[in-house]
Structure formats: C-alpha cells, structure tokens
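Dear colleague,

Please find the structure below, handed over for your study. My notes on what was found in it follow directly after.

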Amino acid sequence: MLYQQAEKGMLLTVRCTMCKRTARYWATDLMKVVGPYHQAHLPPFKCGQCKTSEYLDIQWSLPSAGELAEGLTVRRPVRQITKWIWQNEKT
C-alpha cells in the first residue's frame, strides 16, 4: 500500500520503456492524488507521452543523503483543477 511507502519516506521512479520518459514522485505526494490505499506495485498514472501504463517500469527507493544533497528532480503536485462537463439539453 502507498501509505506504507510514505511512512518510510520512499521515492517512486517511473520509467516508460517505450519512450524513455522518467519521472520521480514522493510517496507522500502520491497519497494526496491517488489515495493511501493505492497498490505500491502498480503505476499511479499512465505515461504522459504514450498514454498507456503498459510499458511503465516502477522502482521504489530511499534516496541517500548524497543524492538529496546533489539534487534530484522530483515532480510535485501544485494544484488541483476542477473541470465542468457540459451537455446540450432540449427544453
């Protein structure tokens, strides 16, 4: 479960083997978006480029102090957008 990874301070690295796109996410941030009970072995999203999760490789890690001091690029949630869906209706 995702909440278990968040308790440990884990970092998720998601790599698409098809387009070679890589992104890193903190487990605590992912919990806000996909919920605490998301299965940790499943990708949280589809690939933004390929639009599928079929080719995603996920890897959990606990970054070392050296990696953190060196600087890691991690995707963080900024804001949530609510979108209205409209339909035509005969009156």
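In this predicted model, salt bridges link Asp-29, Lys-32 and Arg-76 into a network. Side chains of opposite charge can pair when their charged atoms come close. The number of salt bridges comes to two.

One of them joins Lys-32 to Asp-29, with 3.8 Å between the closest N and O atoms. Both residues belong to helix α2 (residues 27-34), where they are three residues apart, about one turn of the helix. The side chain of Arg-76 also meets that of Asp-29 in a salt bridge, at 2.3 Å from N to O. Arg-76 lies in the segment after α3 (65-70) whereas Asp-29 lies in helix α2, so this pair ties together parts that are 47 residues apart in sequence.

Is Asp-29 buried or exposed? Asp-29 has a relative accessible area of 4%, and it is therefore buried, as the limit for that class is under 20%. Lys-32, by contrast, has a relative accessible area of 65% and is exposed, because that value is over 50%.

The structure also holds two aromatic pairs. One of them is formed by Tyr-3 and Tyr-37: the ring centres are 5.7 Å apart and the planes stand at 70°, so the pair is edge-to-face. Tyr-3 sits in helix α1 (residues 2-7) and Tyr-37 in the loop between α2 and β3 (56-61), so that distant parts of the chain, 34 residues apart, are linked by the pair. Tyr-3 is partly exposed at 30% relative accessibility, while Tyr-37 is exposed at 61%.

Yours sincerely

Methods: Residues are numbered from 1 along each chain as its sequence is written. This is a predicted model: local features need pLDDT of at least 70, side-chain atom pairs count only at pLDDT 80 or more; totals for chains, interfaces and linings use all residues. Side-chain values use heavy atoms; hydrogens and water are left out. A salt bridge is a side-chain nitrogen of Lys or Arg within 4 Å of a carboxyl oxygen of Asp or Glu. Helices (H or I, at least four residues) and strands (E, at least two) are DSSP runs, numbered from the N terminus. Buried means under 20% relative accessible area, exposed over 50%, partly exposed in between (1.4 Å probe, protein chains only). Rings of Phe, Tyr and Trp (its six-membered ring) pair if their centres lie within 6.5 Å; planes under 30 degrees apart count as stacked, over 60 as edge-to-face and the rest as tilted.
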